[in-house]
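Reader: I would like to go through this structure and ask what each label rests on.
Author: Go ahead; the structure comes first.

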Amino acid sequence: MNTRPHRLETRFLNQELSSPIFNASGPLCVSEDDLEALETSRASMILTKSCTLHPRLGNAIPRYQAVTGGSINSMGLPNLGIKAYLDYSENRDCLNEKPFLLSVAGLSLDENRELLQLAKKSASLSGIELNLSCPNIPGKPQIAYDFESLQDHLEILLSDWPVDAPAIGVKLPPYFDPSHWDTAASILNSCPTIRFVTAINSVGNTLAFASDSVEVAIAPKNGLGGLGGGMIKPIALANVRELRNRLRPDIAVIGCGGVESGRDVLEHLLCGAQAVQVGTAFYSEGTAIFSRLESELLHELMKSSFSSVDDARGKWKPRMGIKATHATQYENEYTNHSLL
Ligand code: RRO
């Protein structure tokens, strides 16, 4: 029985959600056991690990390391292959009404075409997240950083997407310049069948050292991997808000990046996220995190006098500025402007 107050409820893809909080495609959504654990958790939807046509073991180990403020990974797309996830989804207990989403990440345009051909026929999927931003396959660039390639993928894969197929969305990498948000949004807006974007994937190709060692933390790609966790929240929030501002209103933005607390969920909502995913913190805390985040989010909504998740969405406020004067130059402006 759902005992949580209704103010956490929201909607996504024409379905009711018990809360806006669910898992990111990444850790703890690879095996059947992982997915079963999500079924009984407070995650409001279930999203699979990105899958390929055939099962993959992924990159060499060690390929994940907790670092100060987050994590670095180069998992290399370990997954059971699309068939296992489609079978799982088709055999779910239909009494469990949580939406089930499949993430796909083919290693080529052709593989993505085949994956989507299979997935689009599945009536048991509520949605498909097309991952165009995996940073960890040696020799394969992140598709969504190459705007010509992004456009080609969307035109070829999504232009004749049937109305009765599962809703389709795209997982994006972080962008770092307004011109990139402009270009990405105009490409996405010109694709009429897109229903959501997820922002952001990990910050790709970063480097961390093993503690007290001259060795790098992870083995693949000479130690380069995707950064996740609390330290990427400001990057994620900027991407959520700036994409929300530029995308067609019928394209939902799902926030992902740096969510560790109810306050973090609220900040994603304030930036316009329709729902919010949890990756690194889910990995370190397990399924109990969803219940904790719900309680903390409720508290945050009350503290800020929002009546519901839907009431908070998009309500970020600008910080008032004061015109700089000559005198300003001599003040210690780096320490004197507390936000409290
Ligand atoms: O499996 C991975 O290495 C991985 C993927 Br597919 C992704 O999209 N993002 C990430 O940080 N790791």
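Reader: In which strand does Val197 lie?
Author: Val197 lies in strand S10. One remark before going on: the model is predicted.

Reader: Why is Val197 called buried?
Author: The relative accessibility of Val197 is 0%. Buried means under 20%, so Val197 counts as buried.

Reader: Lys49 brings up the ligand. Which residues come nearest to the ligand?
Author: There are 13 residues around the ligand, and Lys49, Gly76, Asn131, Asn201 and Ser202 come nearest. By class, this shell has 5 nonpolar, 7 polar and 1 charged residues.

Reader: Which atoms of Leu77 and Asn201 lie 2.8 Å from atoms of the ligand?
Author: For Leu77 it is a backbone N or O atom, at 2.8 Å from a ligand oxygen. For Asn201 it is an N or O atom in the side chain, at 2.8 Å from a nitrogen atom of the ligand. Taken alone the ligand exposes 320 Å², and the protein buries 94% of that.

Reader: Where does the ligand sit?
Author: The ligand sits in the largest pocket.

Reader: Why is Asn73 called buried?
Author: Asn73 has a relative accessible area of 17%. The limit for buried is under 20%, and therefore Asn73 is buried. Asn73 is found in strand S6, residues 70-73.

Reader: What joins the side chains of Asn73 and Asn136?
Author: A polar contact of 3.0 Å joins them. The label holds because the limit for such a pair is 3.5 Å.

Reader: Is Gly106 buried or exposed, and where is its place?
Author: Gly106 counts as buried, because its relative accessibility is 10% and buried means under 20%. Its place is in the loop between strand S7 (100-104) and helix H3 (109-120).

Reader: What is omega for the cis peptide bond that joins Ala199 and Ile200?
Author: Omega is about 20° there. Ile200 lies in the loop between strand S10 (194-199) and strand S11 (203-207).

Reader: What is omega for the cis peptide bond from Ile61 to Pro62?
Author: Omega is near 0° for that bond. Pro62 is found in the loop between strand S4 (46-47) and strand S5 (64-67).

Reader: Why is Asn205 called partly exposed?
Author: The relative accessible area of Asn205 is 36%. Asn205 has its place in strand S11, and its phi is near 60°, a positive value in a residue other than glycine.

Reader: What makes Asn222 exposed?
Author: Asn222 has a relative accessible area of 72%. Exposed means over 50%, so the label applies to Asn222. Asn222 is in the loop between S11 and strand S12 (224-228), and has a positive phi of about 55° although it is not a glycine.

How values were computed:
Residues are numbered from 1 along each chain as its sequence is written. This is a predicted model: local features need pLDDT of at least 70, side-chain atom pairs count only at pLDDT 80 or more; totals for chains, interfaces and linings use all residues. Side-chain values use heavy atoms; hydrogens and water are left out. A residue is near a molecule or strand if one of its heavy atoms lies within 4 Å of it. A polar contact is a pair of N or O atoms within 3.5 Å; within protein, one must be able to donate a hydrogen and the other to accept it, and residues adjacent in sequence count only if both atoms are side-chain atoms. Accessible areas come from the Shrake-Rupley method with a 1.4 Å probe; for residues, only the protein chains shown count as cover. On a 1 Å grid over the protein atoms alone, a cavity is a set of points where a 1.4 Å probe fits but cannot get out, and a pocket is an open set with protein on both sides within 12 Å along at least five of seven lines; lining residues have an atom within 4 Å of a point. A molecule sits in a cavity or pocket if more than half of its atoms lie within 2 Å of its grid points. Ala, Val, Leu, Ile, Met, Phe, Trp, Tyr, Cys and Pro count as nonpolar, Asp, Glu, Lys and Arg as charged, and the others, Gly among them, as polar. Helices (H or I, at least four residues) and strands (E, at least two) are DSSP runs, numbered from the N terminus. Buried means under 20% relative accessible area, exposed over 50%, partly exposed in between (1.4 Å probe, protein chains only).
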